[in-house]
Each structure stands twice: as structure tokens, then as C-alpha cells.
Amino acid sequence: MKKSTRVNHQPSVKFPPGNKSLISPIYQSVKFTYPSIAESIGAGGFDYTRDSNPTTRQLELLAAELQDRDDAVAVATGMAAIWLTMLGNLESGDRVLIFLESYRPTRVAVRKFLPRLGIEYSMVSIHDHDAIKKELAKEDTKLMLFESPTNPMLQVGDIQALVDLAKSNNVVVALDNTFAGLHNHGQFEVDYFIHSLTKYANGHGDTMGGIVIGSKEKIRRIKPFATNMGPTLDPNAAFLILRGLKTYYLRYRQHSINALTIAEYLHAHAKVKRVNYPGLETDPGYALAAKQMHDTGGVLAFELDANKDQAWKFIDSLQIFATTASLGSTESLVAPVRLYLGSDLSDDELQRSGITDATVRLAVGVEDVDDLIGDLEQAFAAVF
Ligand SMILES: *Cc1c(COP(=O)(O)O)cnc(C)c1O
């Protein structure tokens, strides 16, 4: 073999029997082959990474197990997971029910882009069970997509009640479970769990990913769309997310402990009007969260007793909390809620959401909580 050929047909390294790598390799390969055409037919193996890849499959199987289901489709981002769930379950003439309290890009997808495909939507509050009942009873309602706790205002939905209402109307239930995490809510009869793996699963703010998790039968419905559309998660990203997941439980626990400590600090502060954090005993969602979740995560929202300029100055004064959207990575972040997460809402919708110019969202990291409280303290001192 000439050397210019050899570089394209590299030597393979063989393991002696019983010898193996402790960490699974990254299958950074688009294509997979067989010794003969006959052996490739119906073998159920790997062919092409847009369809399936061993590293990505390892992530799918692990995430499905954490969420108490048996199958999953991993994709490149959380938004791709939301789109995949919608396109796999809706067609022209159908209606989707979403909630005022949802993540902004989800609202934008449903309110701005779905109508172009002839798909209608209804949007009500997650707490308004009468309105939910009415929307679910509409014959064209086919999918209900909700979050708990919601991004950015940490509203806790009554998942059992919501699932019961949807099931009694034969409506498919999709829960964007990004805030609650892979270890929560598996006990409910949710058809599709959606996660942005960009957040707690990867956990280090350096890789994007998304996943849709469900029973084999539910995943069979949406998998052909993923293979054809191609929102494929790269195997290297899947590897990094698998690595992140090794510390998932440790991190989620510490995020939750730190967030509760900060929520209690803010709740007692004279310049804070209210704190939204379902782990806080005074929070309206506390009892429900205590019943349906284990740990309540690292994100909280609060309203400063301040005008917009003061609120922005408070955020700008923080040194450890970096100003940006996103959450679930080890470092702490801060976001002005109205500007970053409520810009598509009307004044009436903002009011109903409890979002003002002085609403601040913290994504609390896993740093020493004394340093985080010290940072908040000096920002309060800088403004008031
Ligand atoms: C971040 C987020 C998404 C979108 O995930 P990306 O990976 O950024 O596309 C969806 N839902 C919720 C609740 C999120 O916080």
C-alpha cells in the first residue's frame, strides 16, 4: 500500500481478549460498514450518524434510564428537541396548548412559526385549570407542552392534574423538564420528556444538546423526523455530555443547596419585594414541589424594590454572577428577566406573569455560597 493510500486506511489497534478501555471511546465517525452487503441487510447495526451513532446512543440510553423511560432521541439543542416533539405529533389543522409561563423561544416557535404550517395554538396560565380544561376539550387540540418549574418565573405546575386533564381528552403530553432535571417527574404519565442537555446534563456551559425521552412506542413516532431533518447531536458533544452526567447528581444537589440559601437571604432582605423559588417554604409552589420533586434546582427569580435603572445597576454591579441567559452550569449567572426572557410578551402578559423591570433571575452555580452572598451584598450596597 502506498503511503498516500495508507493515511486514508490507517492501522487498526486491536485489544487482547479481556483488555478494554475503562472510558467508552468517542465514535467520531459518520459511517459504519460491514464485511459484506449481505451482512449489512437487516443487521440492526449502525450505518450513518444522522440516523444513529454508538456514542450518541449511549447518551440516549443513559438519559432514558434516568428519566424512567426506555428510549430517547438526542439532538443538537433543546430547541431542536422541542421542534422535534411538535413536528412529530402535530399536523396542519391541529392545535397545541402552551402556557404563558413558558420559555420565550418556545412561545416564539409556537406563536410565530407554527401558524405558518397551519398549526394553531392556545396559550393560558399554567395555574388556570378551568381555561386548560376548555382548551383541552377543543377537538383540534392534540398536544400540551408545559414546563415545571417554569423558565424564568419558577412556577410549579400540578403535573398529576395536568396529565389527568390531557389524558381524559386524548391529548399528548410533553413536559419540558429542563429545570427539574433528568431525575425528576418520571413517575408521571408524561408521553415525552424534553430536556436542554445544554443545562444541567452537560453542566459546564461548553456544549449544547437536547433530548426527547419516552417509551419505545412514543419515540418510534418522532425518530423518522429526526433522521430526515438532521438536527443530529455530534458524537463529540455526546461524549462531553456523558462526561458531564457523571457528576450530575452531585452538581444538581449543590445547585439546589446554594439556591435555597440565597433564596432565604433574599427573602429576608429589605430591598427585595418577593422571591420565586419552589424550595422556599413561603413560595406558593412549595407544597406541590415538595410532593412531586427531589431538590428544586439552581434557578430563582426575585423582584427588587427598585426602578429599572437601579435594577440594571444592581446586575451590572455583580462580579461573580456573569450577566447572560442560560443556567445549569457550574458558574453563577444573572439575567434581567423582562429584557432577556420576556421581550415577546405584551404589557398585559408581563403583568400576568409577574415580570417587571426589576425582576432578576439568578442561575446559581456551585461556588462557595458565602462568596455568592458577598457578591449580592456588595451589589445591594452599590445601588441602595
Ligand atoms: C435553555 C432551555 C431550552 C432550550 O435549550 P437550548 O439547548 O438552548 O436550545 C428549552 N427549554 C428550557 C426550559 C430551557 O431553559
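The radius of gyration of this protein is 23 Å. A compact globule of 384 residues would have a value near 21 Å, so the protein agrees with that expectation. The model is predicted. Its secondary structure comprises 15 helices and twelve strands.

**Overall dimensions and packing**
- Along the principal axes, the C-alpha atoms fill a box of roughly 75 × 50 × 35 Å.
- Of the 384 residues in the protein, 51% are buried.

**Surface and charge**
- The protein exposes about 18,000 Å².
- Among the side chains, 39 are positive and 46 are negative.
- The centres of the positive and negative sets lie 8 Å apart.

**A look at Leu339**
- Leu339 sits in helix α13, which covers residues 337-341.
- Is Leu339 buried, partly exposed or exposed? Its relative accessibility is 46%, so Leu339 counts as partly exposed.
- How far apart in space are Leu339 and Thr356, C-alpha to C-alpha? The distance is 9.7 Å, while the two residues are 17 residues apart in sequence.

Terms used
Residues numbered from 1 in each chain as written. Predicted model: local features only at pLDDT ≥ 70, side-chain atom pairs only at ≥ 80, totals over all residues. Heavy atoms only, no water. Helix = DSSP H or I, 4+ residues; strand = E, 2+ residues; numbered from the N terminus. Rg over C-alpha atoms; globule rule 2.2 N^0.38 Å. Buried < 20%, exposed > 50% of the residue type's maximum accessible area, 1.4 Å probe, protein only. Areas by Shrake-Rupley, 256 points an atom, 1.4 Å probe, with all protein chains shown as cover. Lys, Arg positive; Asp, Glu negative; His and termini not counted. Charge placed at Lys NZ, Arg CZ, Asp CG, Glu CD.
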